[in-house]
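I opened this model to go through its loops, helix pairs and side-chain contacts. My entries follow in the order in which I looked things up.

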Amino acid sequence: MIARLFQWLSQKYQYTLDCWTPYVVSRWTATVILLLLYLLRVFYLKGWYIITYALGIYHLSLFIAFLSPKIDPATHEDFDDGPELPTTINEEFRPFIRRLPEFKFWYSATWAIFVATFCTFFDFFNIPVFWPILLLYFILLFCVTMKRQIKHMIKYRYLPWTTGKATYKGKEDTGKIVTT
């Protein structure tokens with residue numbers, strides 16, 4: 001009986017996730033709103049800065065995984081075990097495959113916000129710290145990490161987004177049937 005209930009809940013949860021999948025902008029808008037509500041709660045309660053710092057570090061690690069290729073060209077040797085990034089103009093186009101897909105990035109980021117919000121209901125997570133130090137350290141960590149990631153992207157010539165990339169189109173369909 002209980003197993004059947006959990007199976008039913010699991011199916012409903014998966015169905016809801018499947019329905020949300022095509023709506024990228026709506027999903028990220030909801031996540032940003034949740035994050036702003038969390039930050040408003042932390043600001044209003046004046047505490048839980050360690051939880052907020054941990055949330056920021058986790059989101060940063062998710063973002064770096066989102067920007068990184070699945071197969072790192074720095075460590076990848078010339079084995080035919082998967083797609084590679086092109087190194088010359090004459091090479092065949094192979095799509096950029098992320099280490100962390102966009103949906104999993106959104107899902108993990110949203111769950112992290114829920115967990116952090118849940119933690120703000122317990123006083124033993126409210127460790128007293130001088131929050132400006134944590135903020136400066138996070139900004140420094142963000143800048144150093146992003147600098148390293150951007151250098152990696154420049155060195156191995158890959159872009160983790162689609163704007164600016166060449167798109168190829170076939171001949172336009174005129175609707176006429178050609179008979180031979």
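**Loop between H2 and H3**

I began with lysine 46, which sits in the loop between H2 and H3. Helices here are DSSP runs of H or I with at least four residues, strands are runs of E with at least two, and both are numbered from the N terminus. I noted a positive phi of about 55° for lysine 46, although it is not a glycine. Lysine 46 counts as exposed because its relative accessibility is 59%. The classes are buried for under 20% relative accessible area, exposed for over 50%, and partly exposed in between, with a 1.4 Å probe and protein chains only.

Tryptophan 48 is in the loop between H2 and H3 as well. Its phi is near 60°, again a positive value in a residue other than glycine. I wrote these angles down because most residues other than glycine have a negative phi.

**Provenance and chain**

This is a predicted model, in which local features need pLDDT of at least 70 and side-chain atom pairs count only at pLDDT 80 or more, while totals for chains, interfaces and linings use all residues. Residues are numbered from 1 along each chain as its sequence is written, and side-chain values use heavy atoms, with hydrogens and water left out.

I counted five helices and zero strands in the chain. Along the sequence the pattern reads α-α-α-α-α. Of the 180 residues in the chain, 23% are buried. I also looked up contacts, meaning heavy atoms within 4.5 Å. Among the chain's contacts with a separation of 6 or more, 78% are between residues 24 or more positions apart.

**H2 against H4**

Two packed helices are described by the angle between their axes and the distance between the axes. For helix H2 (residues 24–45) and helix H4 (residues 102–119), I have an angle of about 20° and axes 10 Å apart. Axes are lines fitted to C-alpha atoms, for helices over the stretch in contact, and angles run from 0 to 180 degrees between N-to-C directions. H2 and H4 are therefore roughly parallel to each other. The cut-offs are under 35 degrees for roughly parallel, over 145 for roughly antiparallel, 65 to 115 for roughly perpendicular, and oblique for the rest.

On the H2 side the contact includes Arg27, Thr31 and Leu34, and on the H4 side it includes Glu102, Phe103, Trp106 and Thr110. By class I have 11 nonpolar, three polar and three charged residues in the contact of H2 with H4. Ala, Val, Leu, Ile, Met, Phe, Trp, Tyr, Cys and Pro count as nonpolar, Asp, Glu, Lys and Arg as charged, and the others, Gly among them, as polar.

**Residues at this contact**

Arginine 27 lies in helix H2. Its relative accessible area is 1%, so arginine 27 is buried. What joins the side chains of arginine 27 and glutamate 102? I found a polar contact of 2.9 Å between them. A polar contact is a pair of N or O atoms within 3.5 Å; within protein, one must be able to donate a hydrogen and the other to accept it, and residues adjacent in sequence count only if both atoms are side-chain atoms. Leaving out residues up to four places away in sequence, arginine 27 touches Trp20, Thr21, Glu102, Phe103 and Trp106.

Threonine 110 is in helix H4 and is buried, at 9% relative accessible area. Its side chain makes a polar contact of 2.8 Å with the side chain of threonine 31. With residues up to four places away not counted, threonine 110 touches Thr31 and Leu34.

Tryptophan 111 is in helix H4 too, and is partly exposed at 41% relative accessibility. Its side chain has a polar contact of 3.1 Å with that of tyrosine 13 and one of 2.9 Å with that of tyrosine 107. The C-alpha atoms of tryptophan 111 and threonine 31 are 9.4 Å apart, across 80 residues of chain.

**H3 against H5**

The axes of helix H3 (residues 49–67) and helix H5 (residues 131–155) come within 10 Å and cross at roughly 5°. That makes H3 roughly parallel to H5. The contact includes Tyr49, Gly56 and Leu67 of H3 and Trp131, Thr145 and Gln149 of H5. I have 15 nonpolar, three polar and no charged residues there.
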